Amino acid sequence: MTKILYLMRHGQTVFNLKGKIQGASDSPLTNHGIEQAQAAARYFENNHIEFDTLFSSSQERACDTLENAVPNHQHKYVRSKGLKEWHFGVFEGESIELLKKIKQPTTLYGDYVVPFGGESRLQVEQRMTDTLTEIMEHHCDKTTLAVSHGSTIGLFIRKCLGYEEGSSFDIGNCHILKFEYQDGQFKFIELIDPTL
C-alpha cells in the first residue's frame with residue numbers, strides 16, 4: 001500500500017532572521033514564522049489533507065511549527081530526536097557566514113564540522129532516513145506529517161534523488177516536500193511553498 005509523507009521545514013526563527021547557526025541549539029519562531037506555519041495550515045485545509053500521524057523534531061521551533069500548522073490536531077504528535085537538525089558543534093550560535101564558506105552543493109557540510117564536535121554528513125543522513133523509514137513502516141496508516149529542519153531535509157532529498165539532482169532544491173522556511181512511500185522506498189512527488 002502506498003503511503004504519503006509530508007516533510008516540512010520549521011518556520012522562520014529569530015536565529016534565521018539574525019543569520020545565526022542554530023543546529024542542535026534552538027531559537028523561537030518569529031511572528032513571520034508563525035504566519036508561515038499558519039499558511040501551511042490553510043494549505044492543508046484547502047486541499048483536504050488529513051494526517052493519521054504527526055511527528056516533529058524534538059526542537060522547540062519544529063514543535064511550535066507543527067502546533068500552528070495543525071492547530072486542531074486530533075492526534076497527539078510524537079517528538080523525535082531523529083528529526084533534529086544537524087549538530088554543528090562549536091559553530092552553534094555563530095554567524096551563518098562561517099558555514100557558507102564550507103557548504104558544498106552536493107553534500108552540504110560533509111565532515112567539515114566533525115573536528116569541531118559536530119555530526120558527519122553520513123550520521124545525519126542515516127538518522128534521518130532511519131527515522132522516516134521507521135515512521136512510515138510502523139506508525140503511518142495513510143498520511144503523515146513530519147516537521148524537521150533545512151539541512152536534514154536537504155540531505156534526505158539528496159539521498160532520495162541523488163546528490164546532484166537533490167542539490168537543486170532550496171528548502172525555505174515551512175516549505176513542504178511530498179513523498180510517496182511503498183516497499184521501503186521514498187518517491188519524491190513535489191515541493192510545496194504554502195505561502196504562495
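## Aromatic residues

F156, F169, F179, Y181, F186 and F188 form one aromatic cluster. The structure is a predicted model, in which local features need pLDDT of at least 70 and side-chain atom pairs count only at pLDDT 80 or more, while totals for chains, interfaces and linings use all residues. Residues are numbered from 1 along each chain as its sequence is written, and side-chain values use heavy atoms, with hydrogens and water left out.

There are 14 aromatic pairs in the structure. Rings of Phe, Tyr and Trp (its six-membered ring) pair if their centres lie within 6.5 Å; planes under 30 degrees apart count as stacked, over 60 as edge-to-face and the rest as tilted. The F44 and F51 pair is edge-to-face because the planes stand at 90°, with ring centres 4.9 Å apart. F44 is buried at a relative accessible area of 3%, and F51 is buried at 13%. Buried means under 20% relative accessible area, exposed over 50%, and partly exposed in between (1.4 Å probe, protein chains only).

F156 and F186 also make an edge-to-face pair, 5.1 Å centre to centre with 85° between the planes. This pair links distant parts of the chain, 30 residues apart: F156 belongs to helix α6 (residues 150-161) and F186 to strand β6 (residues 185-192). Both F156 and F186 are buried. Helices (H or I, at least four residues) and strands (E, at least two) are DSSP runs, numbered from the N terminus.

## Annotated active site

An unreviewed UniProt entry lists H10 and E85 under "active site". The two are spread over 76 residues of sequence but cluster in space, with a largest C-alpha distance of 10.5 Å. UniProt positions are given in the numbering used here, feature names are shortened, and annotations may be inferred rather than shown by experiment.

H10 lies in the loop between β1 (3-9) and α1 (14-18) and is buried at 1% relative accessibility. The side chains of H10 and R61 are joined by a polar contact of 3.4 Å. A polar contact is a pair of N or O atoms within 3.5 Å; within protein, one must be able to donate a hydrogen and the other to accept it, and residues adjacent in sequence count only if both atoms are side-chain atoms.

E85 sits in the loop between β3 (78-80) and α4 (96-102). E85 is buried, with a relative accessible area of 8%. Leaving out residues up to four places away in sequence, the residues that E85 touches (heavy atoms within 4.5 Å) include R61, E119 and R127.

## Helix α5

R127 is also among the buried residues of α5.
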